[in-house]
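Subject: Handover of a structure

Hello,

Here is the structure we talked about. Please open it next to this email and follow along.

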Amino acid sequence: MKFSVVIPAFNEEKTINHSIGALLKQDVSRKNFEIIVVDNNSKDKTSIAAKKAGADKVVVEKEPGTNFARQKGVEVSKGKIVAFLDADSKPPKDWLSTIEEVMKRGDLVGVSGPYRYGQAFLDFMAGTVFPPFAKIFPKVTGIKGGIMLGGNMAMYKSAIDKIEKLV
């Protein structure tokens, strides 16, 4: 399997069907990706709604926080590439094929794309402040790196596994 799409979700009963629906319309063959929803201890019927919308796996993570939920999704994932999507996001139909095309470069272990927050201040920060910071950071610190936006990113699972061993 090429992709595992991990969607952390907390009380997303009313929105999860939109993100899963958009994934089901991807221009990548459905047999090439799995949809994993990680219910982060929701108080509503997020798990039921996710399964009904077409999620392949719905797992529960009791520890609150998207990072814990993403990690749980990685643990149950089977894809070579793990893509992360927020539960209230609707990726374009070429989201997975674009990730695949960019990752073919061979010198990347992960990619992150633009993310619309829907709030003017956060949109301004993401579009104006973060890009220059990402260019300046390595020059100031001597550390190569960047910013990966969790709601729209993908990494080779093998790279995630290596990072886990370092921590």
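Which residue lies over the face of Phe33? Arg30 does, at 4.8 Å from the ring centre. A charge counts as over a ring if NZ of Lys or CZ of Arg is within 6 Å of the ring centre and within 35 degrees of the ring normal.

Some notes on the source come next. The model is predicted, so local features need pLDDT of at least 70 and side-chain atom pairs count only at pLDDT 80 or more, while totals for chains, interfaces and linings use all residues. Residues are numbered from 1 along each chain as its sequence is written, and side-chain values use heavy atoms, with hydrogens and water left out.

The chain as a whole

The secondary structure comes to 6 helices and 6 strands. Helices (H or I, at least four residues) and strands (E, at least two) are DSSP runs, numbered from the N terminus. Along the sequence they follow the pattern β-α-β-α-β-α-β-α-β-α-β-α. The chain has 167 residues, and 40% of them are buried. Buried means under 20% relative accessible area, exposed means over 50%, and partly exposed is in between (1.4 Å probe, protein chains only). Take the contacts between residues at least 6 apart in sequence: 70% of these join residues at least 24 apart. Contact here means heavy atoms within 4.5 Å.

The sheet

The 6 strands of an open sheet have the order β3-β2-β1-β4-β6-β5, with mixed pairing. Two strands pair if DSSP finds at least two bridges between them. At the edges are β3 and β5, each of which pairs on one side only. On average, neighbouring strands are turned by 20° against each other, direction ignored. Axes for such angles are lines fitted to C-alpha atoms, for helices over the stretch in contact, and angles run from 0 to 180 degrees between N-to-C directions.

Strand β1 is mostly covered, with 7 of its 7 residues buried. In a regular strand the side chains alternate between the two faces of the sheet. Phe3, Val5, Ile7 and Ala9 are buried on one side of β1, and Ser4, Val6 and Pro8 are buried on the other. β1 and β2 run parallel and are joined by 7 bridges. In β2, Val37 is the bridge partner of Ile7, and Val38 is the bridge partner of Pro8.

The helices

Which residues of α2 are buried? In this helix (residues 46-53) they are Thr46, Ala49, Ala50 and Ala53. They cover an arc of only 100° around the axis, which puts them on the same side of α2. The arc is that of the directions from the helix axis to the C-beta atoms. Ile48 and Lys52 are exposed on the face of α2 turned away from its buried side. The cover over the buried residues of α2 includes β1 (3-9), α1 (16-23), β2 (33-39) and β3 (57-60). α2 lies across β1, β2 and β3, and runs at about 165° to β3. Just after α2 comes Gly54, with a positive phi of about 125°.

Helix α3 (residues 66-76) has Ala69, Arg70, Gly73 and Val74 buried. These residues fall within an arc of 140° seen down the axis, so they line one face of α3. Asn67 and Glu75 are exposed on the other side of α3.

In α4 (residues 95-103), the buried residues are Trp95, Leu96, Ile99, Glu100 and Met103. Their arc is 135° seen down the axis, so they line one face of α4. They pack against β1, α1, β2, β4 (81-85), β5 (110-112) and β6 (152-156). α4 lies across β1, β2, β4, β5 and β6, and runs at about 135° to β4.

Two loop residues

Asn11 lies in the loop between β1 and α1. Its phi is positive, about 55°, although Asn11 is not a glycine. Asn11 counts as partly exposed, at 31% relative accessibility. Asn41 lies in the loop between β2 and α2. The phi of Asn41 is also positive, near 70°, and Asn41 is a residue other than glycine. With a relative accessible area of 25%, Asn41 is partly exposed.

Regards
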